[in-house]
Amino acid sequence: MARLAGVSIKTVSRVVNDEPGVHPATAERVLAAIDQLGFRRNLGARNLRRGSSTGTIGMVLEDVGNPFYSGITRAVEEVARQYGRQVLTGSSDEDPGRERELALEFCARRVDGMLVVPAGMQHGYLVPEMRAGMPVVFLDRPAGDVVADTVLVDNIGGTVLAVRHLAAHGHTRIAFLGDAPDIFTANERLRGFREGCVRAGIRYDEDLVAMGPHDERGIAEVLRRIGEHRQPATAVVAGNNRITVHLLRVLAGRPNRPALVGFDDFELADLLDPPVTVIAHDASAIGKAAAELLFSRLDGDTSPPRRVVLPVRLVPRGSGEMRP
């Protein structure tokens, strides 16, 4: 490249790294040579030589294809861009082994910090990196065995709202379809469902609770079972957006449908018939809060670990207002 531009290697280095002291005409020749040869800077190697950041943060999610996590990712990218960082992402698929593999791969790439949606309860493998100064923020769920910054939503309060809303519309037999009980959010939402029953003065019936994971066939069986109960459920609380979508597919075309409140909003929920009542929270707010917390640590904030709980809200649209 230096030979093609007719300059020294030092001059090429100055142009590539935007350093002063190069005549504009000379810089143009170097840039033309760069374009001709297809040169790309190795930012990671450059930053490591300088002993500074690699310009990246890592993010381990459950599933980047889930719209909820897509919203989080976009918000994190927006914040990272303001700080001149790029975001590396990967999906754990709810597999603790895959979560660990991804996180350690990001560590090996020397990311400046990491955001993790935990798939498991063992996070001691990150302790050496955290002790070495790499900030880690857990979001949507807390870490299992380390104390670290965490950003959550009000899972318990959300299902309390859902039950209270259905009870206010005359429902006393309410079912709950949740995710696997070893998942933090699923367990918290089940706790909220129980608390909501108590607050609404209705009986909590274990026979009307089904914890996942769920698919359409399994949900169809659950609906059959609770429908044949001596006191069948007239309303359902769905524990997350995927369960809600599976449930709607099973219910499609059925003349007698239970009232429904889903936890998590989802695209087109307001255009269905009936439109779906949801417990909504802002995925972008989760991503923004987590990213800003991470960058505050990178900027030198050494205060004790924080636990941020973001609010939820009920969005009544029709499915949750159906009476028994």
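Guide: Residues are numbered from 1 along each chain as its sequence is written, and side-chain values use heavy atoms, with hydrogens and water left out. As the model is predicted, local features need pLDDT of at least 70 and side-chain atom pairs pLDDT 80 or more, while totals for chains, interfaces and linings use all residues.

Visitor: At what angle do helix α5 and helix α12 cross?

Guide: Helices here are DSSP runs (H or I, at least four residues), numbered from the N terminus. Axes are lines fitted to C-alpha atoms over the stretch in contact, with angles from 0 to 180 degrees between N-to-C directions. For α5 (residues 67-82) and α12 (residues 283-298), the axes come within 7 Å and cross at roughly 40°.

Visitor: Are α5 and α12 parallel, perpendicular or oblique to each other?

Guide: Under 35 degrees counts as roughly parallel, over 145 as roughly antiparallel, 65 to 115 as roughly perpendicular and the rest as oblique. The α5 and α12 axes cross at roughly 40°. The pair is therefore oblique.

Visitor: What span should α12 have, and how far apart are its end C-alpha atoms?

Guide: The expected span is 1.5 Å times one less than the number of residues. With 16 residues, α12 should span 22 Å, which agrees with its end C-alpha atoms being apart by 23 Å.

Visitor: How is α10 oriented relative to α11?

Guide: Helix α10 (residues 216-227) packs on helix α11 (residues 241-251) at an angle of about 65°, with the axes 9 Å apart. That makes α10, relative to α11, roughly perpendicular.

Visitor: Which residues of α10 make the contact with α11?

Guide: Contact means heavy atoms within 4.5 Å. On the α11 side, I243, H246, L247, R249, V250 and L251 take part. From α10 come E216, I219, A220 and L223.

Key
Helices (H or I, at least four residues) and strands (E, at least two) are DSSP runs, numbered from the N terminus.
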